[in-house]
Amino acid sequence: MSAPTHQITLTVNGETVSETVEARKTLVDFLREDLFLTGSHVGCEHGVCGACTVRVDGAVVRGCLMLAAQCDGARVETIEGVSDGGEIADLQAAFEKRNALQCGFCTPGMLLTAQELLAGGGVPSREKIREHISGNYCRCTGYQAIVDAIEAVAMARAGGEK
Amino acid sequence: MKPAPFAYAKARSLDHAIELLARPDGEARLLAGGQSLMATLNMRLSAPKLLIDLNGVKGLDGIAAKDGAVEIGAMVRHVQAERSADIARYAPLIALALPHIGHAAIRNRGTLGGSIAFADPAAELPACLLALGGELDIAGHKGKRTVKADDFFKGLFETALGPNDVLTAIRIPAATTETRVGFAEFARRHGDYAIAGLAACAKASGAGLSDVRLAYFGVGNTPIRAKNAEAALAGGDIEGAVKALGGDLDPQDDVQSTGAAKKHLAGVLLRRVAKQLMEARP
């Protein structure tokens, strides 16, 4: 028996993509294996680690807990698109400046998750920042530097708006 | 890991979903937010032949306060409920519980109906529904029926839902000025499944409480009402209620904790939640 497949058309980082995918293929595997967008990482594959974080229709989701077949008609954004578009340039610079990454495996997911919090506006408390990134594991930094970087960007953005 | 192969169908309507469910092998599963189901598929803990996607079925994602109740469509996502003024005002217990459910990315996708139908014994919402004395609307090939939360949770991941049933909505009594709610849980990391948790609802009655409903999660195969403790708490006796838990709960060891530790935590939770119930409505 051949595996069931589906034809999907979606936009990925602003480009329209049409592909045939196996029904069981997760969104993150589709992005990595079919579109060669390997910035989204595959860690635990059961929704715990957050390395596969991508945006679907503007909301941050786990790429391992959605099927590619579910994304027909969706607008998907990955770290490649969000990075190239300049939306998080300040956040990326702050991560680098404060050593908020070491091996980099969690970083794409961490950046997208942080950006969702920061897009809400204002300067969230450190506790709120920790809560918001609680679904993203980092095994290098101990999180302190990540919280520092996110907080610094929140303050800079809030200052710039005044 | 990767899931075992399955077929995927997008339901066009509730009737279409029910029609697709009716397979002789019973090997179809409904896909709501997928935040629990997809994980079990990836780990190959389950391997259905067909996934029926409810995303896109119209009429399952409304929140409506009417006739003294709040009706929440099964496909309402956690994030949608978090932002709902009706939930904040009329379902304050659910509003208290929501931030504890998973993480931001999980709440963007996960649904209230999915969480309740999955019935993880350590999940927050099944316990909230039980504490609130809510009810569930279920549609199947024989028509529609309503089941009380007290009769819904049958066993470990077992509910009153049959293989051809779709949970369509939950309904809870709308909070009034007399309603008091409390919620607390212990988890190793914010957003993880709780080691033990407690959702509670009561009515303010003079200086005390009446109609106390305490629903524990993470301490048994289903969410569990602590009826002896409820009676003691209605009498204003917090320490008596903590003692009474001995007759209500018998938690077993699991991967997170020993049963003895859970039992101790149940008492700590009760003291905290009792305080919330006795204070003003949040």
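Reply: Domain bounds here come from an automatic or database domain assignment. For chain B, that assignment lists domain 1 (7-53), domain 2 (63-173) and domain 3 (179-278). Let us look at domain 2 of chain B.

Some ground rules come before the details. This is a predicted model: local features need pLDDT of at least 70, side-chain atom pairs count only at pLDDT 80 or more, and totals for chains, interfaces and linings use all residues. Residues are numbered from 1 along each chain as its sequence is written, chains are lettered from A and ligands numbered from 1 in written order, and side-chain values use heavy atoms, leaving out hydrogens and water.

Start with the meeting of domain 2 and domain 3 of chain B. Their centres, taken over C-alpha atoms, are 20 Å apart. Domain 2 of chain B brings 27 residues to the contact (heavy atoms within 4.5 Å), and domain 3 of chain B brings 25.

Next, the area. Buried area is the accessible area (1.4 Å probe) that two parts lose on being put together, summed over both. Domain 2 and domain 3 of chain B bury about 2100 Å² between them. Carbon and sulfur atoms give 66% of that. On the side of domain 2 of chain B, the residues that lose the most area to domain 3 are His100(B), Pro121(B) and Ala131(B). Together they make up 23% of what that side buries.

Now the charged pairs. A salt bridge puts a side-chain nitrogen of Lys or Arg within 4 Å of a carboxyl oxygen of Asp or Glu. Two salt bridges cross this interface. Asp150(B) also forms a salt bridge with Arg213(B), with the closest N and O atoms 2.9 Å apart.

Polar contacts are counted too. Each is a pair of N or O atoms within 3.5 Å; within protein, one must be able to donate a hydrogen and the other to accept it, and residues adjacent in sequence count only if both atoms are side-chain atoms. Nine residue pairs, both at pLDDT 80 or more, are in polar contact between domain 2 and domain 3 of chain B. Which elements of domain 2 of chain B each supply at least two residues of the side that touches domain 3? They are helix H5 (92-97), helix H8 (124-131) and strand S8 (153-155) of chain B. H8(B) gives the most, with six residues. Helices (H or I, at least four residues) and strands (E, at least two) are DSSP runs, numbered from the N terminus.

Follow the chain past H8(B). Gly133(B) lies in the loop between H8 and S6 of chain B. Gly133(B) has a relative accessible area of 34%, so it is partly exposed (buried is under 20%, exposed over 50%, partly exposed in between, with a 1.4 Å probe and protein chains only). Leaving aside residues up to four places away in sequence, Gly133(B) touches Pro173(B) and Arg213(B). Its C-alpha atom is 8.9 Å from that of Cys201(B), 68 residues apart along the chain.

Finish with strand S10 (residues 166-173) of chain B. Seven of its eight residues are buried, so the strand is largely enclosed by the rest of the structure. Strands pair if DSSP finds at least two bridges between them. Strand S5 (residues 69-73) of chain B runs antiparallel to S10(B), joined by five bridges. There, Val70(B) has Ile172(B) as its bridge partner. Strand S6 (residues 135-140) of chain B also pairs with S10(B) in the antiparallel sense, over five bridges.
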